[in-house]
Amino acid sequence: MTSARLKANGMLLITAIIWGGAFVAQRAGMQSLGPFTFNGLRFALGTITLLPIFLWRRGRHQKDDVDFQRTVLIGGAAGLLLFVGATFQQLGLVYTTAGRAGFVTGLYVIIVPLLGMSWGDRAPLQSWAGAVLAVVGLYFLSVKEQGTMALGDAFVLVGAFFWAGHVQFI
């Protein structure tokens, strides 16, 4: 295996660990906070982190106010999709397990090309095959118990549609 391939596989492994661990951390964090407070603090931290970049860019683009306003509007729309998706996911975590939430959120892999088809973007067969394999893999990694869709799973599924909308918007 080449060093580039080894590095790529390592990065994928790290990404999977962070992504999967985030659901456990989110669920644990809500033991002392409600879902809306948790999500509000999460996005407030993101806002504080990005604020210096925002102010710096604003100072650089004072002559081209229309372009800056357009950037803020588009960024705000993308952020709103992200916020709503995260809020439904966080709310769902109150009623479901981290594993099930991870699986249901991962369904956005299928929802993205479905949304794309609704406005004329056709995914190639290889993309569909990869998406289906990803969902099957997510199922085997995430779902431990059999059952029907619970309230929390439904909230997380709504969130997955917003995550997919965010990906399509970007």
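Predicted model: local features only at pLDDT ≥ 70, side-chain atom pairs only at ≥ 80, totals over all residues.

Reader: OK, and how many positive and negative side chains does the protein chain have?

Author: There are 12 positive and 6 negative ones, and the centres of the two sets lie 8 Å apart.

Reader: Switching topic: how many helices and strands are in the chain?

Author: Seven helices and zero strands. The C-alpha trace spans about 60 × 45 × 40 Å along its principal axes.

Reader: What percentage of the 170 residues is buried?

Author: Buried residues make up 27% of them. Helix α4, residues 98–106, is mostly covered, with eight of its nine residues buried. Among them are Arg100, Gly102 and Val104.

Reader: Which residues touch the most other members in the largest nonpolar core?

Author: Phe23, Leu93, Ala101 and Phe103, out of 13 residues in that core. Two elements, α4 and α6 (125–142), each give two or more residues to this core. The largest share is from α4, which provides four residues.

Reader: And what does Phe23 touch, leaving out residues up to four places away in sequence?

Author: Gln89, Leu93, Ala98, Ala101, Gly102 and Thr105.

Reader: Which residues are in the other core?

Author: That one lies apart and has five residues, including Ile111, Val112, Leu115 and Ala160.

Reader: Last one: for contacts between residues at least 6 apart in sequence, what share joins residues at least 24 apart?

Author: In this chain, 83% of those contacts do.

Note on methods: Residues numbered from 1 in each chain as written. Heavy atoms only, no water. Buried < 20%, exposed > 50% of the residue type's maximum accessible area, 1.4 Å probe, protein only. Contact = heavy atoms within 4.5 Å. Lys, Arg positive; Asp, Glu negative; His and termini not counted. Charge placed at Lys NZ, Arg CZ, Asp CG, Glu CD. Core = buried A, V, L, I, M, F, W, Y, C linked by side-chain atoms within 4.5 Å.
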